Amino acid sequence: MVSTVVFWLAAAVAIVGAGGVLLAKHPVHSALSLVLNLAALGVLFLLLHAEFLAVVEILVYAGAVMVLFLFVVTLLMAGTKTPRDEGRFRLAYQYLLAGLFGLILFVLVAHALVGADWMSSLAATNAGGSFGSIAAFGTALFTKYLLPFELTAVVLLVAVIGVIFLGREHGATRK
Amino acid sequence: MNFPVINPLSVLPEIILLATSIVALFIALFLPDRRGHQLNYLGLVGVLAAIAVLPMLWAKVEVGFGGAIVSDHFALAMDAAILVSALAAFLLGLREVEPGADYVALVLWAALGMMVLTSAVELLSIFLGLEVLSLPLYVLAGFRRDRTTSKEAAMKYLLMGAFSSGIFLYGLAFLYGATGKVSLASIQAAILQNFTSHPLFLEIGAGLVAVGLAFKLALVPFHQWVPDVYEGSPTPVTAFMSVGTKAAAFGALVRILTVALPAGIVHWQPLIAFLAVLTLLFGNLAALRQTNMKRMLAYSGIAQAGYLVVAIAANSQMGVGAGMFYVVAYAFMNIGAFAVVAALSGQNEEGAEIASYRGLAYRRPWLAVSMTVFLLALASIPPLVGFPGKFYILRAAVSSGGVLLAIAIVVGTMISLYYYLRPVLLMFTHSEETESPFPATAHWTAHVTVGVMLAGTLVLGILPGLLTGPLQNAVHAIYGL
Amino acid sequence: MLTSYFPIALYFLVAVVIGVGVLGASRVMGPRKPNAAKLQTYECGVTPEGEVGPRFSVKFYLVAMLFMIFDVEAVSFYPWAVLMHQLRLFGLLEMALFVLVLGIGYAYVWKRGGFQWQE
């Protein structure tokens, strides 16, 4: 019962956030709306028993990725007088393409929803019990997917060294 | 809890590279900034050590990490080509890039990713291998940050590369969605026993995987980034990535397409054959108009990838063996050509214009003759290594009924003669100019690289049998999964 | 299951209330008398010409990237912490390798002055 209430609340917040991303005039407001949307998605993941995804959604996406977004937005806007720069950042046929792809996505999702076998999907969700929990995720990550896990460390290390090489002020340390 | 069997032997070369990179970074902590040139030799030692353990591992197939990665003959043969190209990155890097710990570590990681890509047999590890391969190369392409072309190369490579990784991952997701399995052997079993959710998912997955890797292999029409990136990147990096990336992507294509997705059930063959023909014709035609040596070699690299992919399109054991031979042949002749370009350029790419090669044979006979050999090998003139390489591919294409593919190879080779022979003629044309645009001397390591590649080009050209025997084993290894 | 997340929800609520409350209070109570000179970009007393925005250092971007990378690393600890006792020595060793690989990156960034604002 509680979970139904939480679902509707989170769903409403997610839609409001998504709408805010599109409709806000100021890019910073768009980014902040995205934070709202991602936080609500985190709650929805929690309702689906995907605890680890919920944590990642909040910590990494709503946290770190959004910080990056905000910095980039600020960086790009640093030279402009007003944020609503009469379509300077607009692509050609933007509305047409967005509408077209939105329609395609809507048809696909609607098709999947209409054709879905709800009862067996529900059974599949409940059957796993602990499926998607942090313990189940960790067990898979640290045993079956150990190699990908350690490779992730290398990917992150490459990113660290790459960022420090490319981001350093040129000439400052290369004399 | 069931802990997987790790079996460090299965990833021994990879462990050596990772350990070397960590030691390099650790030493750099105690060095003042920009005093890391000697670390280049450490990288060299690491790669040589990794090469040294390959024959030791040849004796036995090692499976590691609970079946996520295998060290079979196929993986080891590809590892050899990859490690040789990494060697070139270190040998040629001393003059042009001012290598420090970052350069050493990035090259080692890229090689590590390439090796994982050819030996992983589980979708997640394959994808992470591709990422470990790609990310360091984006940075390496922009390693000369004082040069606009280098920065442009890094930016273009990053954008196109990120895009292609996404496509590749999407393809893997479809394969997983169709079969519910992540290991290639289980995917193959599921397909053969018809345990798939939807046949269309398999086709889409195979197509997206092929397109994602086609970006890395530089196949037409996914090649637009190649000329700018090859030209803008420092020459040692270009030599490394042109060979290493192709070897790795070829390995992944063979493991995923020809082995895990039987062509009789999943119809990826026409797509690959189409890409091959397009690449052969366009790559060779576009190379005709180039005036810059690195750009010419970039388009030649596109065309060479076309020959390589014909071997996959043949979809036979013979084809895979021919492709492997060609990867090794390409490593020798292409790295050799780039090594000459690097030996002729100092800090600032003086050796890049083809026109400046006029009369080179009278000023720098050793480099001019070597370059001639490499270009003739790329044009597959006997008795150099390019000839048996192309002959095996042609034979594989014909024996699997790909007459059109064989015709495309012959036509492409004929076109390529023009642009490979033009610099050769120029080098032997007497020029009145006494002023050479090239620096007077090259670093000794560049001469070593040219020498090693020359030896490989000649020996394997005359005695291709040295390689075909072991490669036959490798082919059996991969099909015996 | 959801009930165990109630404290987090409560914490979230308190955080939102405090954030909105502080901003709202200053908006309601603070004096606001903007004029053209106040809103102009500060340029040592000289009237600025053309489009002028605030200066924004690229270093923020570097900081954000490093934050994101180490944030992803931190998230990997989370399932390990939950399973620490079941994974025993095996888990400790694999995490040790993970930390060693990233630790050397951390030390390298430190050494190259990646955490310093001034060079």
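1. Leaving out residues up to four places away in sequence, I69(B) touches L147(A) from chain A, together with S10(B), V11(B), G64(B), S119(B), A120(B), V121(B) and S125(B). The model is a predicted one, and the points below should be read with that in mind. I69(B) belongs to strand β2 of chain B, which covers residues 69–71. Is I69(B) buried or exposed? I69(B) has 25 C-beta neighbours inside 10 Å and therefore counts as buried.

2. F65(B) deserves a check of its backbone. Its phi is positive, at about 50 degrees, although F65(B) is not a glycine. F65(B) sits in the loop that runs between β1 (62–64) and β2 of chain B. The count for F65(B) is 25 C-beta neighbours inside 10 Å, so F65(B) is classed as buried.

3. Because N315(B) has 21 C-beta neighbours inside 10 Å, it counts as buried.

4. Two cis peptide bonds should be noted for chain B. One joins V220(B) and P221(B), with omega about 5 degrees; P221(B) is in the loop between α8 (199–217) and α9 (225–232). Another runs from P382(B) to P383(B), with omega near 5 degrees. The loop that holds P383(B) lies between α15 (365–378) and α16 (386–399) of chain B.

5. The helix pair α1(B) and α2(B) comes next. Helix α1 (residues 12–28) and helix α2 (residues 39–57) of chain B pack at an angle of about 165 degrees, and their axes are 9 Å apart. An angle over 145 degrees counts as roughly antiparallel, so α1(B) is roughly antiparallel to α2(B). The two helices cross in a right-handed sense. From α1(B) the contact draws on residues including L12(B), P13(B), I16(B) and L17(B), and from α2(B) on residues including L39(B), L42(B), G43(B) and G46(B). By class, the residues of this contact are 15 nonpolar and 3 polar, with no charged ones.

6. The helix pair α10(B) and α12(B) has another geometry. How are helix α10 (residues 235–260) and helix α12 (residues 293–313) of chain B placed? They pack at an angle of about 15 degrees, with axes 11 Å apart. Since angles under 35 degrees count as roughly parallel, α10(B) and α12(B) are roughly parallel to each other. The crossing of α10(B) past α12(B) is right-handed. Residues of α10(B) in the contact include T238(B), S242(B), K246(B) and F250(B), while α12(B) supplies K294(B), G301(B), A305(B), L308(B) and I312(B). The residues of this contact comprise 7 nonpolar, 4 polar and 2 charged.

7. On nonpolar cores, the largest one has 235 residues, and V107(B), V309(B) and A339(B) touch the most other members. The element that gives the most to this core is helix α13 (residues 317–343) of chain B, with 20 residues. Apart from this core lies another, of 13 residues, with V35(A), A40(A), I58(A) and A62(A) among them. Beyond neighbours within four places in sequence, the contacts of V107(B) are G43(B), A86(B), A89(B), F90(B), L140(B) and F240(B).

8. Chain A has 7 helices and 0 strands. Of its 175 residues, 28% count as buried. Of the contacts in chain A between residues at least 6 apart in sequence, 51% join residues at least 24 apart.

9. Chain A places 21 residues in contact with 27 residues of chain B. On the side of chain A, the elements giving two or more residues are α6 (134–144) and α7 (146–167), and α7(A) gives the most, with 13 residues. That side of chain A divides into 12 nonpolar, 6 polar and 3 charged residues.

How values were computed. Residues are numbered from 1 along each chain as its sequence is written. Chains are lettered from A and ligands numbered from 1 in the order in which they are written. This is a predicted model: local features need pLDDT of at least 70, side-chain atom pairs count only at pLDDT 80 or more; totals for chains, interfaces and linings use all residues. Helices (H or I, at least four residues) and strands (E, at least two) are DSSP runs, numbered from the N terminus. A residue is buried if 20 or more other C-beta atoms lie within 10 Å of its own, exposed if 12 or fewer, and partly exposed in between; C-beta atoms are placed from the backbone. Two residues are in contact if their C-beta atoms, placed from the backbone, lie within 7 Å. A nonpolar core is a set of buried Ala, Val, Leu, Ile, Met, Phe, Trp, Tyr and Cys residues joined through C-beta atoms within 7 Å. Ala, Val, Leu, Ile, Met, Phe, Trp, Tyr, Cys and Pro count as nonpolar, Asp, Glu, Lys and Arg as charged, and the others, Gly among them, as polar. Axes are lines fitted to C-alpha atoms, for helices over the stretch in contact, and angles run from 0 to 180 degrees between N-to-C directions. Angles under 35 degrees count as roughly parallel, over 145 as roughly antiparallel, 65 to 115 as roughly perpendicular and the rest as oblique. A crossing is left-handed if the near helix is turned anticlockwise from the far one by less than a right angle, and right-handed if clockwise.
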